[in-house]
Amino acid sequence: MNQNTYLELLQKQEFPDPVLVVREHSLFLDHDSHQYEAIALVLEGQIDINIGGAKKICLASDTFHLLPNQIHTESTGTKGVKYLVSRKVPNVEEEVVVQELET
């Protein structure tokens, strides 16, 4: 995916503007999770994302998507990684309304 398509995707899904993340080479983050949803576009290098035993190798122009509170590991390649990421915090009020409608 190119950067323009990525930015259009973020806009359609009502994500905020992305930020640039640069990680050093051979970095490993074990059992990480975030309270936000994240959609990222790799610009340079490599990052491997492992979710529940399913490993995704992401190179330049690849995207990855993490849901809120999704436990995952991250590791960077020998040249590190540079990526754009947009993070959207779930709207708690919307979640409550959905839960009430489901019951």
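Let's start at one residue: the side chain of Glu-37 makes a polar contact with the side chain of His-65, at 2.6 Å. (A polar contact is a pair of N or O atoms within 3.5 Å; within protein, one must be able to donate a hydrogen and the other to accept it, and residues adjacent in sequence count only if both atoms are side-chain atoms.) Before going on, keep in mind that this is a predicted model, in which local features need pLDDT of at least 70 and side-chain atom pairs count only at pLDDT 80 or more, while totals for chains, interfaces and linings use all residues. Residues are numbered from 1 along each chain as its sequence is written, and side-chain values use heavy atoms, with hydrogens and water left out.

Now for the overall plan. The chain has two helices and six strands, arranged along the sequence as α-β-β-β-β-β-β-α. Helices (H or I, at least four residues) and strands (E, at least two) are DSSP runs, numbered from the N terminus. Of the 103 residues, 28% count as buried; buried means under 20% relative accessible area, exposed over 50%, and partly exposed in between, with a 1.4 Å probe and protein chains only. Among the contacts with a separation of 6 or more, 73% are between residues 24 or more positions apart, where contact means heavy atoms within 4.5 Å.

Helix α1 covers residues 3–12, and at its start a side-chain oxygen of Asn-2 comes within 3.1 Å of the backbone nitrogen of Asn-4. Just after α1, Glu-14 has a positive phi of about 60 degrees.

Which strands does β3 pair with? β3 (residues 37–51) pairs with β6 (residues 72–88) in the antiparallel sense over twelve bridges. Its pairing with β5 (residues 63–66) is antiparallel too, over four bridges, and six bridges join β3 to the antiparallel β4 (residues 54–59). Two strands count as paired if DSSP finds at least two bridges between them. To find your way along these pairings, look for Ala-40 opposite Phe-64 in β5, and for Asp-48, whose bridge partner in β4 is Ile-57. β3 and β4 form a hairpin with two residues between them, and Gly-52 in the turn has a positive phi of about 55 degrees.

Glu-37 is buried yet has no salt bridge, and the nearest side chain of opposite charge, Lys-88, is 4.7 Å away. A salt bridge here is a side-chain nitrogen of Lys or Arg within 4 Å of a carboxyl oxygen of Asp or Glu. As for charge, Lys and Arg count as positive and Asp and Glu as negative, while His and the chain ends are not counted. Leaving aside neighbours within four places in sequence, the contacts of Glu-37 include Phe-15, Leu-67 and Ser-86.

The whole structure has three salt bridges. In one of them, Glu-74 and Arg-23 meet at 2.6 Å, N to O. Glu-74 lies in β6 and Arg-23 in β1 (residues 19–23), so the pair ties together parts that are 51 residues apart in sequence. Glu-74 is buried, at 5% relative accessible area, whereas Arg-23 is partly exposed at 23%. Lys-82 forms a salt bridge with Glu-44, with the closest N and O atoms 3.7 Å apart. Glu-44 also stands opposite Lys-82 in the strand pairing. Asp-48 and Lys-55 meet at 3.7 Å, N to O; Asp-48 is buried at 11% relative accessible area, and Lys-55 is exposed at 54%.

One last stop is His-34, in the loop between β2 (28–32) and β3. Is His-34 buried or exposed? At 17% relative accessibility, His-34 counts as buried. The His-34 side chain makes polar contacts with the side chains of Asp-32 (3.5 Å) and Tyr-36 (3.0 Å).
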